[in-house]
Amino acid sequence: MAYLTTHPDVVPVISFRFGKGAADIDRYLELDGYKSVRKCFEMEPDAIINEVKTSGLRGRGGAGFPAGMKWSFVPKESAKPKYILVNGDESEPGTCKDRLIFEHDPHSVIEGVLIAGLAVGAKMGFIYLRGEYRFLIEIMEKAVADAYQRGFLGKGIFGTKHDFEIVVQTGAGAYEVGEESALMESLEGKRGVPRIRPPFPAVAGLYGGPTIINNAETIATVPHIFRIGAKEYAALGTERNGGTRLFCLSGHLEKPGVYELPMGYNLKKMIYEVGGGIPNGKKLKAVVPGGSSTPVLLPEEIDIGMDFDQVAKAGSMLGSGGVVVLDETVCMVEFALRTIKFYQHESCGWCIPCREGTDWLKKSLTRLHMGGAVDKDIDQIKYIADNMLGRTFCPLGDAAAMPTAAFVKKFRKEFEDHLNGKGCPYHPAPDYELATV
Amino acid sequence: MAAENTTIFSPQLAARFDRLVTLYPVKRSALVPMLLYAQDEIGYISDAVVAEVAQRIGITELDVRNVVSYYSLMRTKPVGKYHVQVCTNISCMLRGGNELLHHCSQRLGIGHKQTTPDGLFSLEEVECIGACSWAPAVQVNYDYHENLTPESMDKVLDQYRAKASK
């Protein structure tokens, strides 16, 4: 069982029940579970949405879109049924937070779905988990079964006139399915390729009905907002970035782990104090602040607050909260290559700039790493990345192009050092052959 | 499809599938979970699995194969009894994921997507499995093993070997 890591600066809101056995429905109820949804039964749908807006909660999947505003886009009247879809396909490299929620507090996800359902008038929800998380799917399915048994799901939930159904769905290994329109395709039993927008899911989503798609952490935060109060929640974070979030610290740190910290928490402090600094007396070289798709930051760029706006101002993105820390021994070309290998593997192939672009980038970076690159390869990488940006159906193309462009821009000297005809001067490719994922 | 005598699945799994197709507004939504659960029981997605799943959902076998070819957890060939999946994505790479993959390859005497002659182990280099803060990590079938070193990896492999000989 994985746990949240402790530190004096941790503010337990979403992790309030972690480690307390709350996967058990009775324990969840003892810990104020299903009280927030009961409050919401007494509220008008608009009032629920306004509370979420007041809380300043922004999407925890990566884009940071205000959750309350997303909910308000769902039309009041709809000929087709409306749906709530929870995105638990967590697969951005560097991100391992949603799994703690499913493991420690699965009922908070159910309660969040119910509140979203009341707010937009949906009667059915889906909780989609990545296929690798089989043990969590079992925990989540048990939680849903227990909720049905108690009358919290099904017909006339909590003794009211409301009906609500929830289905737990497994994915089967596809990063692309974390993209909202591909997620809907997958749930409809198809290949996970993105849909063109508009129409947006809030208008025509799953099975053609208006659909709210929220990240698992976003939806699991909602009951806590009603538990502690929207204004109080907002006050924990910074302006327009309410509350706390789960940060996943990984890479070269003394104490990697998942920590719940206030939005706007200083990144430098997060690395040196919360994460315990860099092991073995090594120096910091770079930080990928929000999952592998976010542009890299240099050591002199990390004295910033970790909220969506401040990280954007620093030229990167808060993303999914996956902070990956690199010490001075890392070869940036090798790191860039491993990053792009992932996107090349996961590109669904639906649109050309992404399918071809990721492949070209991988080839250029492989040439640099293995030797045999020429100087125009470096500019070629930038040229390809620039031509992918904003030209794809879904953000996977951007997710591949943005970090690659930043690696070249910020570590150009290191890229040039690879033009010696022999390949990587720092980390020569090992004499054994590594599989190419 | 309730004709139990014609199913290739166990009675439990067949019953589960009978229920699964009723949960969604459209039957086809059951396709991805059905294929994965079928693979868990049969070992891989065989032609017979494709045929029965297509029939249960009421789509063509081609529709099913289209989906099978998309998802990386789905396979059309058998793997070892214990499928060792080593993550080498960035967070694992920084903490020795590549070395761990190499170590597993040496220990098992097989490469990426290969199976030992006794059919006990197979090896695969995989993309991020969501264990970044506990890197490097390996998944054996669906079980996670985290914060590994080559030495602790040997123990993990030995455990599975012992489990198989029981």
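Q: Leaving aside neighbours within four places in sequence, which chain B residues is A:Phe126 in contact with?
A: This is a predicted model: local features need pLDDT of at least 70, side-chain atom pairs count only at pLDDT 80 or more, and totals for chains, interfaces and linings use all residues. Side-chain values use heavy atoms, without hydrogens and water. Contact means heavy atoms within 4.5 Å. In chain A, the partners of A:Phe126 include A:Tyr83, A:Val167 and A:Leu206. From chain B come B:Tyr24 and B:Pro25.

Q: In strand 3 of chain A, which residue is the bridge partner of A:Phe126?
A: Strands here are DSSP runs (E, at least two residues; helices are H or I, at least four), numbered from the N terminus. Strand 2 (residues 124–129) of chain A pairs with strand 3 in the parallel sense over six bridges; pairing takes at least two DSSP bridges. The partner of A:Phe126 is A:Val167.

Q: Which strands stand at the edges of the sheet in chain A?
A: Four strands form an open, parallel sheet in the order 3-2-1-4. Each edge strand has a single partner, so one side of each is left without a neighbour in the sheet. They are strand 3 (165–170) and strand 4 (211–215) of chain A.

Q: How far from the sulfur of B:Cys92 is the nearest cysteine sulfur?
A: A disulfide is a pair of cysteine sulfur atoms within 2.5 Å. The whole structure has zero disulfides over all chains. The nearest cysteine sulfur belongs to B:Cys87, at 3.6 Å.

Terms used. Residues numbered from 1 in each chain as written. Chains lettered and ligands numbered in written order.
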